[in-house]
Amino acid sequence: MSEATSETVDISRLSERGMITVRGDLTSVDLQYQLTSLAGVDMPSEREAKVEDGRGLVWMSPDEVLMVLPKSDVEGVLGTFRETLGAIHHLAVDVSDARAVFELKGPKWREVIAKGAPVDLSPKAFALGQMRRTRLGQVAVAFWMTEPDTAELVCFASLAEFVSNWLKMAAKAGSFPDYLKEYKNDA
Amino acid sequence: MSTRLAAKGQLIDRSKPIAFTFNGNRFVGYQGDTLASALLANGQTLVGRSFKYHRPRGIVASGAEEPNALVNLGSGSRFEPNQRATTTELFEGLEAKSQNHWPSLEFDFGAINAKLSRFLPAGFYYKTFIHPRAAWKHIFEPVIRQSAGLGAAPSKPDADRYEHFYAYVDVLIVGGGMAGLTAALEAGKAGAKVLLVEQTSQFGGRSLVDGDAIDGAPVDEWIAQTLNALEAMPNVTLRKRMMGTGVYDHGYALAYERVADHLPGADLPRHRLWRIRARQIIAATGAVERPLAFAGNDIPGVMLAGAVRDYVSLYGVSPGDRTVIVTNNDDAYRTAIALREAGLDVPAIIDARNMSTGALADQARALGIRVEVGRGVGKVLGGKAVTGVAISPQAGEGAVIETIECECIAMSGGWSPVVHLWSHCGGKLTWNEELAHFRPDPERPPTSADGKGFVICAGSASGALLSDECLADAFDAGRKAAGSCGFEPEDSVAPQTDAIAEQFLEPVWIMPQGADISLRSKAFLDYQNDVKVSDVQLAAREGYESVEHTKRYTTLGMATDQGKLSNINGLAILADALNAPIPAVGTTTFRPPYTPISMGSIAGEARGALFKPTRKTAMDGWHAENGAHWEPVGDWRRPYTFQRAGESISASVTREILNTRKNVGLLDASTLGKLLVKGPDAAKFLDLLYTNMMSSLKPGRCRYGLMCNENGFLFDDGVVARIDEQTFLCHTTSGGSDNVHGWMEEWLQTEWWDMQVYVANMTEQFAQVAVVGPHARKVLEKLGGMDVSKEALPFMGFADGELAGIPARAYRISFSGELSYEIAVPATRGLEFWQACLAAGAEFGMQPYGTEALHVMRAEKGFIMIGDETDGTVIPQDLNLGWAVSKKKEDFIGKRAQERSYLTAPDRKQLVGLLTEDPKTVLPDGAHAVEGPPQDNGFASAIGHVTSTYYSPSLDRSIAMALIKGGSGRMGDTLEFPVSKDVTIRAKIVDPVFFDKEGERQNV
């Protein structure tokens, strides 16, 4: 993988990423405790993503979060949920194979996604810690930032090839509108 | 003849010549030229033939309003018709060809239409091509289509790429003239996030030519200063070559950026369509000059007065040595002055007004230019080029007083604000009597969700035509827009300029005012669609009173320029003919886009591999390499069959079926929907969703279930597995998974929000493989890892375990009637499992099979298929599935609907099997059964239709299923299916289960 420069966005698939869909009462103290202690991050609020070093929690809806973690940890975490949350009505399932995760690295990642997602991606409106569940062109996606110049995007696994082609086309060198940078400094 | 001047031309760089061709002739222009200015510089005043009469046409305007100068641009995969020469930047190697003539531009056979023009008035097609009726389709329409149209259609795929881009701003400003820049400065200083778009390649708009000193600085200096100030603001973005094309609800706007039109071959997206959400939109779109209607006003060399001075000043182009000015206002005098300053001759200014006393007129007279008042053009002399003009009294009928030789006629009928963007979303207009134009009515703007206006016009777009009014208006617009977004405008004053006062305009809609029919039928209103004054008057005489009807009858304003030049003139003529005031007649509707945009920009990236998302299973790559003949199923692609070398598709399907029934087959069933339903109320929820009972299902067991909508109609089916007391896995059809998921969420979120149930769509988490056939168990036993015996895993049971070292859940279910297991494994291990099955199955004769074999085998068993046996009007009882509709349950979705009399009627169409009398004849899908005496229409009544029909390899004969009126009670009857005029297929009604009625094969 080449070093990302200001004019390129490196796109790679994170195939070792594990994901668990958790649905439940997100205000429940017990659920929050398990989620935050297992993910090692704070509970995300609406449209927030708390992801550090490939582990964290992404808000998905008022009763759904996506826990991201190394794939090898998924079984163990699901086991812990079963043991500790048995009495609480919830649903926790491994969706690692159902989704594909892409990493977009390079300051222009915003303009790659802004070619397909109806989202205000100016740094002022969309910053580290935010997430959006939306569409990219014709397909459903969700994305969040992990570092100032890096974002992760998830889609359905069956569309991984399509989304990969889409991202590579959108990220072609020299094809950026050079618009979102305008506001970078006043963020 | 037009030519390049030795001086002037602020936009061109004479040190950079650019070679291009027009109709194969090699010309040279300069960097900064438009194609139009370069053509004029090369003496090419004839640029095309008109749409209907094939009259010679030349360049009329200098901007987006140009109706005539449309060319075929480029060649091969970069060919595009109907490109405006006035908005096409010149680039090296540009190839342009004129349009709508045969055999050549100079000699056009179609010009015969002009000679016949008195026989081709408005409504000619409607009146003439009515009888005989059949002739329309077979003779008239093909001939008319052949002769219509301007440019040629491209014959090759587009070589370029396109894209969209989403942007969110406080204030979108369309137009980078002095009004747009002034508004941007105010909104920007107030702190609003501003995007200003300018359709041309430079900022300044008309002020580059007509601008007076602003705040004491020459206008070009003021523009440079303002641009510097704007570029220093981090919250302001300026973009050139980007046109605001449309305004839509809630501040949504489209802008069309021509990224690489001027850089053909660059590895860039050619066009980028910006999809913008703006809280406020400022339309600083300027004004468009109106032509005057006089005989011969379309002869090449007749141009808008403003355009003439644009060509002189911006591009250093002379439109001809001698230019006669024809006007009803003061502004056109600027053209006379500019021409004279460029050293060109202005033999006369023909002013239709009875006096001309303004400052500009004084200036012209001081330069020695002859001014004739109370005069108009009797007619223009010339054919393919202007040779002179006959002058008549404006008040008269066209008697010629004098003839003046000239090469160019610069006309001005006044200026109309460009109100398109204001109007797109419902902004209303008001008639300005003094300036004879419609301007935006600020009291009635297009409104957003909050009921407040979200579009503001600025500068001449709002009717402020004089430069001082224009700047003051734009200044206010910028502040108002920022204020509406919650920003506090800074204390400042509007830029000051000393505008030259102008004498009033006198509306002139026809020249001379008493012009007879021979003149009126040569006075063009709409150049692009060849609509004349006489056509609109004829429409009025024939009773077309509404402007919208007149528009459609005469085609006035219906060409690609949307009547930018003809709109006001046309409706003024109509109003006059109807003896009504102009505002009472009103305008036609302005619609996006402002000027045509490329189809590529609308499609964006969605072409080729990105045209439509295709969902692929984990084994898709293997299928592709092993002869898969694809079939779309929902958004998935699935193998219809796995074709072998030299094998036909039908032979391939037959082989797969026979092998599966005899040995063992392998099916990729991953696309089946898999919805996990969990919670204390899951069983209760599913009892309401499915027609049959799911709460009585034991963990570890499966049950086939049906889902109906509120009207009782069947819409999805599948096998439900109970994982544990609170958890179910519901299989859905491949195309229905998202739909059923949404259906479940809708009921849970809107009706049964008190139920404790969560749903997760697990469709893609698992690859699912069906191992089907007499040797299925042997294959799984060979893979090893779990007990798949009859005892451990009975029919309609499932078990979790491991197969071939891969975690697996094996369902003992069958859609083929054979011994069958469906194995779900993690999707990322799907291919590995698939290949393990094939390796283990080799010794048992295993072959993969596709969706067609699946379909035939299920039909042999009489199993229904959603979408074949159902069409949205079919209830389970119609399909002999009454056994799966619970009588015990208090309620389920569709229950009450199914109790309605129509749905309980005994003679509803019911599912039956059909055996044709000739076993080799396969009924066509959808064939209708008819019965009884002929009706009034001569046909017998249709009593039902074929829903599935195949040649069954297992039975070696044709089989079909059909929905037949009262069919369940008609076993043994023979029905007639007339499939063509001479052929009627006869088939006997039988039980729809054709194969292994006792179900012994699957239960071993």
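In the predicted model examined here, the buried residues of α20(B) are covered by elements that include β32 (636-642), β33 (665-668), β39 (766-772), β43 (847-848) and α25 (851-860) of chain B. Contact denotes two residues whose C-beta atoms, placed from the backbone, lie within 7 Å. Helices (H or I, at least four residues) and strands (E, at least two) are DSSP runs, numbered from the N terminus. The residues of α20(B) that are buried are B:S652, B:V653, B:T654, B:E656, B:I657, B:T660 and B:R661. A residue counts as buried if 20 or more other C-beta atoms lie within 10 Å of its own, as exposed if 12 or fewer do, and as partly exposed in between, with C-beta atoms placed from the backbone. Helix α20 (residues 649-662) of chain B has 14 residues, which at 1.5 Å a residue should span 20 Å, and this agrees with the 20 Å between its end C-alpha atoms; the expected span is 1.5 Å times one less than the number of residues.

Residues are numbered from 1 along each chain as its sequence is written, and chains are lettered from A and ligands numbered from 1 in the order in which they are written. As the model is predicted, local features need pLDDT of at least 70 and side-chain atom pairs count only at pLDDT 80 or more, whereas totals for chains, interfaces and linings use all residues.

Chain B is assigned domain 1 (1-156), domain 2 (161-287 + 417-484), domain 3 (291-413), domain 4 (517-580), domain 5 (612-894) and domain 6 (906-1004); domain bounds come from an automatic or database domain assignment. Between domain 3 of chain B and domain 4 of chain B, the C-alpha centres are 24 Å apart. Their contact involves 10 residues of domain 3 of chain B and 9 residues of domain 4 of chain B. The side of domain 3 of chain B that touches domain 4 of chain B comprises 4 nonpolar, 4 polar and 2 charged residues. In this classification, Ala, Val, Leu, Ile, Met, Phe, Trp, Tyr, Cys and Pro are nonpolar, Asp, Glu, Lys and Arg are charged, and the others, Gly among them, are polar.

Helix α9 (residues 333-341) of chain B has B:Y333, B:R334, B:T335, B:A336, B:A338 and B:L339 buried. These buried residues of α9(B) pack against α6 (207-210), α8 (305-315), β18 (323-327), β19 (349-351), α10 (359-366) and β24 (408-412) of chain B.

An open sheet in chain B contains 5 strands in the order β3-β2-β8-β6-β7, with mixed pairing. Its edges are β3 (25-31) and β7 (80-84) of chain B, each with a single partner strand, so one side of each has no neighbour in the sheet. Two strands pair if DSSP finds at least two bridges between them. Within this sheet, strand β6 (residues 70-73) and strand β8 (residues 94-98) of chain B run antiparallel and are joined by 3 bridges; B:L73 lies opposite B:A96 in β8(B).

Chain A is assigned domain 1 (17-94) and domain 2 (98-172). The centres of these domains of chain A, taken over C-alpha atoms, are separated by 22 Å. Contact between them involves 10 residues of domain 1 of chain A and 9 residues of domain 2 of chain A. On the side of domain 1 of chain A that touches domain 2 of chain A, at least two residues come from each of β2 (17-24), β3 (49-52) and β4 (55-61) of chain A. That side of domain 1 of chain A has 6 nonpolar, no polar and 4 charged residues.

Strand β5 (residues 64-70) of chain A has 5 of its 7 residues buried, so it is largely enclosed by the rest of the structure. β5(A) pairs with β2(A) in the antiparallel sense over 7 bridges, and A:E64 in β5(A) is the bridge partner of A:R23. β4(A) also pairs with β5(A) in the antiparallel sense, over 5 bridges, and A:S61 has A:E64 as its bridge partner. A hairpin with 2 residues between the strands is formed by β4(A) and β5(A).

The contact between the chains takes 39 residues from chain A and 35 residues from chain B. The largest share of the side of chain B that touches chain A, 6 residues, is supplied by β9(B).
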